[in-house]
Amino acid sequence: MKILVVNCGSSSLKYQLFDMNGEQVLAKGIVERIGIDGVLVHQKGEGDKVKIPNNIPNHKVAIELVINTLTDKELGVLQDITEIEAVGHRVVHGGEAFSQSVLIDDSVMATLNKCIELAPLHNPPNIMGIEACAQVLPGVKQVAVFDTAFHQTMPKKSFIYSLPYEAYEKYSIRRYGFHGTSHKYVAQQAANLLGKDLKDLKIITCHLGNGASITAIDGGKSVDTSMGFTPLEGLTMGTRCGDIDPAIVFYLMKKMDLDFDGINDYLNKKSGVLGISGVSSDFRDIESAAAEGNERAQLALDVFIHKVKKYIGAYTAVLGGVDAIVFTAGLGENSPETREAVLKGFEYLGLEIDTEKNKVRGKAVNFSKEGSKVQALVIPTNEELMIARDTQAIVKK
Ligand code: ADP
């Protein structure tokens with residue numbers, strides 16, 4: 001079965017074409033600058049990336065271009081578009097309506113439209129992508145895979161905020177959590193690597209990228225997660241502030257004469273490690289600045305690591321112990337220094353890390369010492385593969 005995985009942003013569209021026989025990526029790429037001018041960067045198998053500038057006014061034209069490229073004699077990997085049996089879409093917000101991936105029909109589309117209110121920046125382009133595929137690939141089954149779905153197993157005590165209950169009942173304000181596809185995928189892979197059944201494990205998954213979140217997973221189910229009503233809550237991120245005293249919002253609005261858009265921008269785009277360091281939102285830049293003696297860059301790293309530690313400690317308590325701590329995403333997969341710094345101090349749990357085994361980038365590894373009571377793992381995330389797997393399972397039903 002060949003499955004196309006699509007992830008639409010407001011001006012971009014990422015795609016991967018899978019042959020599920022062997023879970024192979026046949027081709028992948030990204031269309032960028034949709035609605036501005038447009039460029040497609042396409043890669044066939046492990047071949048070189050090819051850049052194709054084009055006039056791309058909207059997502060429908062972007063999908064048409066992707067399909068034309070996938071069926072192109074030279075760049076393509078398909079004889080005919082009918083070889084695409086299903087399309088899997090990443091959808092950011094499924095609200096409380098979706099606790100798993102679903103086959104898309106009219107009623108699902110109606111519910112997705114209702115969820116726009118909860119994710120005004122992310123859901124509209126996701127919906128545009130679904131509509132574009134329906135037009136360009138008529139009759140092909142489409143599946144929605146939600147960032148929020150995995151966290152729908154959280155108990156009420158984890159997802160209710162300490163606000164008047166009407167905030168939940170009237171306005172759907174609650175913790176939803178994000179990066180669910182990634183947390184679910186790496187938890188399953190961790191169980192595989194440990195040779196254990198996921199049902200028997202208490203796992204803390206740390207998705208540390210530009211956006212970052214941590215999840216407590218008990219027996220394969222998310223029981224708490226650090227992102228909340230929006231992805232702004234929780235850890236210090238590239239440019240997002242994470243947890244702060246909510247009173248700071250009103251104080252800053254007054255002091256800096258900011259309106260709603262102004263404060264939104266300040267907390268989402270100017271804060272995090274970028275805001276603290278004044279150097280960059282990219283951890284590589286911050287790590288090199290810190291190594292050269294930049295104190296605020298070092299402070300940004302210290303604050304970030306302190307927050308990650310706090311969540312691991314809290315989630316160990318929530319889970320009543322922990323069997324494995326998993327690191328994934330850009331920083332989690334590629335920074336041995338960050339992993340070591342985060343785990344320093346958890347020796348009291350019986351965690352012992354092997355610093356030699358930890359010297360790995362982008363590869364799955366158990367870097368705890370033989371006999372360590374808690375396992376420390378690196379598991380590269382693969383949200384696209386997870387989307388393809390879910391799509392295949394649903395379409396086969
Ligand atoms: P997102 O998908 O949220 O944009 P990623 O998971 O791609 O983020 O992670 C991006 C982050 O990972 C960047 O801050 C980048 O600096 C960091 N990163 C990637 N490679 C390395 C590395 N070798 N060392 C340290 N940080 C890295």
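**Close-up 1. The crossing of helix 10 and helix 11 is left-handed in this predicted model.** A crossing counts as left-handed if the near helix is turned anticlockwise from the far one by less than a right angle, and as right-handed if clockwise. The axes of helix 10 and helix 11 (residues 295–319) come within 7 Å and cross at roughly 120°, where axes are lines fitted to C-alpha atoms, for helices over the stretch in contact, and angles run from 0 to 180 degrees between N-to-C directions. That makes helix 10 oblique to helix 11, since angles under 35 degrees count as roughly parallel, over 145 as roughly antiparallel, 65 to 115 as roughly perpendicular and the rest as oblique. Helices (H or I, at least four residues) and strands (E, at least two) are DSSP runs, numbered from the N terminus.

**Close-up 2. Helix 11 and helix 13 cross with right-handed geometry.** The axes of helix 11 and helix 13 (residues 336–343) come within 9 Å, crossing at roughly 50°, and helix 11 is therefore oblique to helix 13.

**Close-up 3. Helix 7 and helix 8 form a right-handed crossing.** Helix 7 (residues 247–255) packs against helix 8 (residues 260–269) at an angle of about 120°, with their axes 10 Å apart, so the two helices are oblique to each other.

**Close-up 4. The shell around the ligand draws on helix 10 and helix 12.** Helix 10 (283–291) and helix 12 (329–334) are the elements that give two or more residues to this shell, and helix 12 gives the most, with 4 residues. Of the 14 residues around the ligand, Asn210, Gly211, Asp282, Phe283 and Gly330 come nearest (a residue is near if one of its heavy atoms lies within 4 Å). By class, the shell has 3 nonpolar, 7 polar and 4 charged residues; Asp, Glu, Lys and Arg count as charged, Ala, Val, Leu, Ile, Met, Phe, Trp, Tyr, Cys and Pro as nonpolar, and the others, Gly among them, as polar.

Residues are numbered from 1 along each chain as its sequence is written, and side-chain values use heavy atoms, with hydrogens and water left out. Because the model is predicted, local features need pLDDT of at least 70 and side-chain atom pairs count only at pLDDT 80 or more, whereas totals for chains, interfaces and linings use all residues.
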